[in-house]
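I opened this notebook to record what I looked up in one structure. The entries follow in the order in which I made them.

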Amino acid sequence: MSLEYTEYLIHRQWMSRALELAQIAGDADEVPVGAVVIDSSGSLIAEGENRKERDKDPTAHAEIIAIKAAAQKLRTWRLNECTLYVTLEPCPMCAGAIVQARIRLLVYGVDDPKTGAIRTVVNIPDSAASNHRLRVIGGILESSCRQQLQAWFVNRRHFSN
């Protein structure tokens, strides 16, 4: 898919913010994933970072936190005019939440070869079981997203040995 240059720059800007949030998560000993929700006018609505360890909550993924915050701020669960930016391809739980929230556009950084549920392992949005279709753009700041995750896991393995 070809992006216009201005659209690409906007995606880079918001993915950069998601990377900052991912760094906050990583610094807190969470898997470094960050997410940002933007409305159709390009305004920030909500953001989140992984909080599973801190909240002792298996559903506290960056995407879920950002989607919940956006729904509360907008006072509706229908986020059909919103874009979600996330540094890592969403897992099955998050992909389901994205579909249920009716997110208009998903932009993610790097594929997840273990649990990616948008394109890599399974494709939940295009599944016959999905009641919503969304536009998906992958690979925005892919190298930065990959490097951040890999560095975090290398560092974690180093300290656990």
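This is a predicted model: local features need pLDDT of at least 70, side-chain atom pairs count only at pLDDT 80 or more; totals for chains, interfaces and linings use all residues.

I first noted the cut-offs for accessibility: a residue is buried under 20% relative accessible area, exposed over 50%, and partly exposed in between.

Entry on the annotated domain. I consulted UniProt, where an unreviewed entry gives the annotation "domain: CMP/dCMP-type deaminase" for residues 9-121. I found that this span is 40% helix and 20% strand, and that its end C-alpha atoms lie 28 Å apart.

The unreviewed UniProt entry lists Glu63 under "active site". I located glutamate 63 in helix H3, which covers residues 62-74. Is glutamate 63 buried or exposed? Its relative accessibility is 4%, so I recorded glutamate 63 as buried. Leaving aside residues up to four places away in sequence, I listed what glutamate 63 touches, including Val33, Leu84, Cys91 and Cys94.

Entry on glutamate 49. This residue belongs to strand E2, residues 44-49. Glutamate 49 counts as buried because its relative accessible area is 12%, and the cut-off for buried is under 20%. Its side chain makes a polar contact of 3.3 Å with the side chain of arginine 54. Among the other residues that glutamate 49 touches are Leu21, Ile24, Val33 and Ile65.

Entry on salt bridges. How many salt bridges does a search of the whole structure find? I noted nine. In one of them, glutamate 49 pairs with arginine 51, with the closest N and O atoms 3.7 Å apart. Arginine 51 also forms a salt bridge with aspartate 55, at 3.1 Å between the closest N and O atoms. Aspartate 55 is partly exposed, with a relative accessible area of 38%. I recorded a network of salt bridges that links Glu30, Glu49, Arg51, Arg54 and Asp55.

I then examined the salt bridge between arginine 135 and glutamate 7, whose closest N and O atoms are 2.9 Å apart. This pair links distant parts of the chain, as arginine 135 is in strand E5 (residues 135-138) and glutamate 7 is in helix H1, 128 residues apart. Arginine 135 is partly exposed at 32%, and glutamate 7 is partly exposed at 21%.

Entry on the surface. I found a nonpolar patch formed by Tyr5, Tyr8 and Leu9, with about 310 Å² of accessible area together. Tyrosine 5 lies in helix H1, residues 5-27.

Methods. Residues are numbered from 1 along each chain as its sequence is written. Side-chain values use heavy atoms; hydrogens and water are left out. UniProt positions are given in the numbering used here, feature names are shortened, and annotations may be inferred rather than shown by experiment. Helices (H or I, at least four residues) and strands (E, at least two) are DSSP runs, numbered from the N terminus. Patches are made of residues with over 30% relative accessible area and no salt bridge: like charges are joined within 9 Å, nonpolar side chains (Val, Leu, Ile, Met, Phe, Trp, Tyr) within 5 Å. Accessible areas come from the Shrake-Rupley method with a 1.4 Å probe; for residues, only the protein chains shown count as cover. A salt bridge is a side-chain nitrogen of Lys or Arg within 4 Å of a carboxyl oxygen of Asp or Glu. Buried means under 20% relative accessible area, exposed over 50%, partly exposed in between (1.4 Å probe, protein chains only). A polar contact is a pair of N or O atoms within 3.5 Å; within protein, one must be able to donate a hydrogen and the other to accept it, and residues adjacent in sequence count only if both atoms are side-chain atoms. Contact means heavy atoms within 4.5 Å.
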